[in-house]
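Please look over the sequence and the model below before reading on.

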Amino acid sequence: MAQQAALKKNSAAAKKKAKEEKLYPFKYEGKDRRGTKVTGEVRGANSALAKNQLRKQGILVTKINKQSQLFGARAKKIKPLDIAFFTRQLATMMESGVPIIQAFDIIAEGAENPKMAQLVNEIKTDVAAGNTLASSLAKHPEHFDDLFCNLVDSGEQSGRLESLLDRIATYKEKTEALKAKIKKALTYPISVVVVAIIVTAIMLLKVVPQFQSVFEGFGAELPAFTLMVIGMSEWLQAWWFLGLIGIIVIGYAYGKAHVKSKRLRDAEDRALLKAPVIGKIVYEAAVARFARTLSTTFAAGVPLVEALDSVAGASGNVVFYDAVMKIKEDVSAGSQLNFSMRSTGIFPSLATQMAGIGEESGNLDGMLEKVADYYESEVDNKVDNLTTLLEPMIMCVLGVLVGGLIVAMYLPIFQLGNVVG
């Protein structure tokens, strides 16, 4: 209880100190050493300190104003890439011999995101109070997960914190780059489908009614295709608000169900792996994430069985989570890692064979790192190829939707011309 109270006290002190050291953006105008007019943005606790910082850079300030943060930096959230960049900066400075407290000061001062600067200052205050870096990071679980904290703790206990931070930074950078590739592969076709639906809806609401008023004066029977499109247009004009409300309600309900229902999330994970084209990319990304995480934790000196716990949590897919937990049971019973991986039927032969070679040679982390590099490059290539293949397919989809509506509207005019001719 006393320790928990001390931790709360330290946390409160950290928040107070961070608030006092909060940096704000200032827009400035001035002249450099050569008399050239310069403008830009600088961060500081107040205008005087901001001017002093610019003066050190050889800039004579003529005008400086604090920027409004209503829609600016204050609203920015701390992203995983911010954490990866923080880890890389900390690893680089500690390897260069910079004391950790001074390293925190440098990182906080250079942070573009005020919330990131505040987080770094809170961690610095905890470490300066005598807490370990791992325990200080563990107070912010929304930014530093168990895997991150466990690796830092291993580095502190083994006296290899600098090298472990470098490994963690590489791990975070590779992981975020892989996530970005997956998002790119999924976002591109989804965004095009959404745009196609919006364009079609606009044409049905605005363009088709104009043609419909013209057709009313023809006095002739319209083609079935045209009648179908006009019927869709009339329905959309009458009930578009119900359709919009329905989309919002379904989206909201799905979002709530996704958060609360583990069964739904598991079903999505399984379906995603079976999806055409995209499924292969997601599968290879999961293999790469498994290999990268296990390589990093094992290299940090974490026992294999314990490392598999972290790997399962970082797998990002329930199929791989279940497989890794099965591997953990087998390894705990004395099986070799590569045999356990093969028995799950999930992992590709290349990954299992490389793991076997690593176990035989005593270089398991090195072999797993090579597996991660290979499958990450495969994901890169597949995403690039997918983007190239999707472009003509998307043009075809848009052509069918938009072109179909245009043909439906002009078909009666062509028929009328034939009759007159």
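Is S295 buried or exposed? With a relative accessible area of 2%, S295 is buried, a word that stands for under 20% relative accessible area, with exposed over 50% and partly exposed in between (1.4 Å probe, protein chains only). This is a predicted model, in which local features need pLDDT of at least 70 and side-chain atom pairs count only at pLDDT 80 or more, while totals for chains, interfaces and linings use all residues. Residues are numbered from 1 along each chain as its sequence is written, and side-chain values use heavy atoms, with hydrogens and water left out.

S295 lies in helix α11, where helices are DSSP runs of H or I with at least four residues, numbered from the N terminus. Leaving aside neighbours within four places in sequence, S295 is in contact (heavy atoms within 4.5 Å) with R167, D365, L368 and E369.

The axes of α8 and α11, lines fitted to C-alpha atoms over the stretch in contact, with angles running from 0 to 180 degrees between N-to-C directions, come within 11 Å and cross at roughly 175°. The two helices α8 and α11 are therefore roughly antiparallel, the term for angles over 145 degrees. Among the residues making this contact are R167, Y171 and K174 of α8 and R292, S295 and A299 of α11.

Both α8 (161-215) and α11 (278-299) are also included in what covers the buried residues of α7. Those buried residues are L147, F148, C149, L151, V152, S154 and G155. Just after α7, G159 takes a positive phi of about 75°.

Definitions and conventions
Angles under 35 degrees count as roughly parallel, over 145 as roughly antiparallel, 65 to 115 as roughly perpendicular and the rest as oblique.
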